[in-house]
Amino acid sequence: LAGLLFFGWLASFLGHQVEFFSMNGWMDLQGIREIQREANAAPAPIGWSMLYFAGDNVPLFQAMYFGSLTVLLLFTLGVATRITAPLTWVIVVSFLANPATSYEGDYLLGILAFYLMIGHLIVGQWSGNLSPLERVFGSRNDFVLPGRSASDPITSQGANLMMRLLQIHFAIIMV
């Protein structure tokens with residue numbers, strides 16, 4: 001469900017992605033820095049946002065945007081989650097960097113993506129039941145339709161740790 005949330009959030013900019021996020025849009029890097037300096041705001045991850053690697057190259061930016069949508073869709077479907085989960089976090093944080101689309105609640109997406117990344121990286125690593133390919137790409141059980149019976153629950157200390165850390169973080173935010 002988080003993958004659907006990430007995909008829907010990013011797809012909502014479709015048709016205006018160049019105006020919102022690229023260096024040829026409403027805000028260039030200098031404008032972003034000036035807004036943050038005037039607002040005395042904490043700096044967004046401008047220095048390492050993947051979108052700024054495209055610079056003024058609109059076709060490269062478009063490839064990055066549609067590639068990001070593809071990665072989010074693969075993550076949603078549970079394909080190679082040990083690879084797509086970290087990429088999902090990088091994508092979500094990269095698109096949060098522009099103040100033209102900034103909303104305080106959007107940063108919760110970055111927190112959720114971070115903990116999902118941690119969970120998918122460590123889930124099942126200690127069980128010893130994974131093949132070498134599953135250790136690199138993720139378990140076959142991560143697919144949306146895994147083909148296993150509902151009476152065969154999968155337990156993981158990694159997933160449990162990730163959920164507890166996420167719960168603590170959200171409790172701190174609410175307080």
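This is a predicted model: local features need pLDDT of at least 70, side-chain atom pairs count only at pLDDT 80 or more; totals for chains, interfaces and linings use all residues.
View 1. Phe6 touches Leu72, Phe75, Thr88, Val92, Leu109, Leu112, Ala113 and Leu116, with residues up to four places away in sequence left out of the list. Phe6 is also named, together with Trp9, Leu10 and Phe95, among the residues with the most contacts inside the largest nonpolar core. That core has 32 residues. At least two of its residues come from each of H1, helix H2 (17–21), helix H4 (58–77), helix H5 (81–95), helix H6 (107–122) and H8. In soluble globular proteins, nonpolar side chains tend to be buried together.

**View 2. The whole chain, for orientation.** The protein chain has 8 helices and 0 strands, and its pattern along the sequence reads α-α-α-α-α-α-α-α. Of its 175 residues, 39% count as buried. Among contacts between residues at least 6 apart in sequence, 71% join residues at least 24 apart. The chain exposes about 10,100 Å², and carbon and sulfur atoms supply 66% of this area.

**View 3. Aromatic ring pairs.** The model holds 5 aromatic pairs. The ring centres of Trp9 and Phe13 are 6.1 Å apart and the ring planes stand at 85°, so this pair is edge-to-face. Trp9 is buried, because its relative accessible area of 12% falls under the 20% limit. Phe13 also counts as buried, at 12% relative accessibility. A further edge-to-face pair is made by Phe114 and Tyr115, whose ring centres are 5.4 Å apart with planes at 75°. Within this pair, Tyr115 is buried at a relative accessible area of 11%, whereas Phe114 counts as partly exposed at 32%. Ring pairs also link Tyr65, Phe66 and Phe95 into a cluster. Phe95 is one of the residues with the most contacts inside the largest nonpolar core.

View 4. Leu4 is found in helix H1, which covers residues 2–11. Leu4 is exposed, with a relative accessible area of 52%; the limit for this class is over 50%. In sequence, 69 residues separate Leu4 from Leu73, and their C-alpha atoms are 7.7 Å apart in space.

**View 5. Thr84 and its contacts.** Thr84 has its place in helix H5. At 5% relative accessibility, Thr84 counts as buried. Once neighbours within four places in sequence are set aside, the contacts of Thr84 are Val71, Leu74, Phe75 and Val79.

**View 6. A nonpolar patch on the surface.** Leu161, Leu165, Ile168 and Ile172 form this patch, and together they have about 370 Å² of accessible area. Leu161 is found in helix H8, which spans residues 157–174. With 43% relative accessibility, Leu161 counts as partly exposed, because that class lies between the buried limit of 20% and the exposed limit of 50%.

Methods:
Residues are numbered from 1 along each chain as its sequence is written. Side-chain values use heavy atoms; hydrogens and water are left out. Patches are made of residues with over 30% relative accessible area and no salt bridge: like charges are joined within 9 Å, nonpolar side chains (Val, Leu, Ile, Met, Phe, Trp, Tyr) within 5 Å. Accessible areas come from the Shrake-Rupley method with a 1.4 Å probe; for residues, only the protein chains shown count as cover. A salt bridge is a side-chain nitrogen of Lys or Arg within 4 Å of a carboxyl oxygen of Asp or Glu. Helices (H or I, at least four residues) and strands (E, at least two) are DSSP runs, numbered from the N terminus. Buried means under 20% relative accessible area, exposed over 50%, partly exposed in between (1.4 Å probe, protein chains only). Rings of Phe, Tyr and Trp (its six-membered ring) pair if their centres lie within 6.5 Å; planes under 30 degrees apart count as stacked, over 60 as edge-to-face and the rest as tilted. A nonpolar core is a set of buried Ala, Val, Leu, Ile, Met, Phe, Trp, Tyr and Cys residues joined through side-chain atoms within 4.5 Å. Contact means heavy atoms within 4.5 Å.
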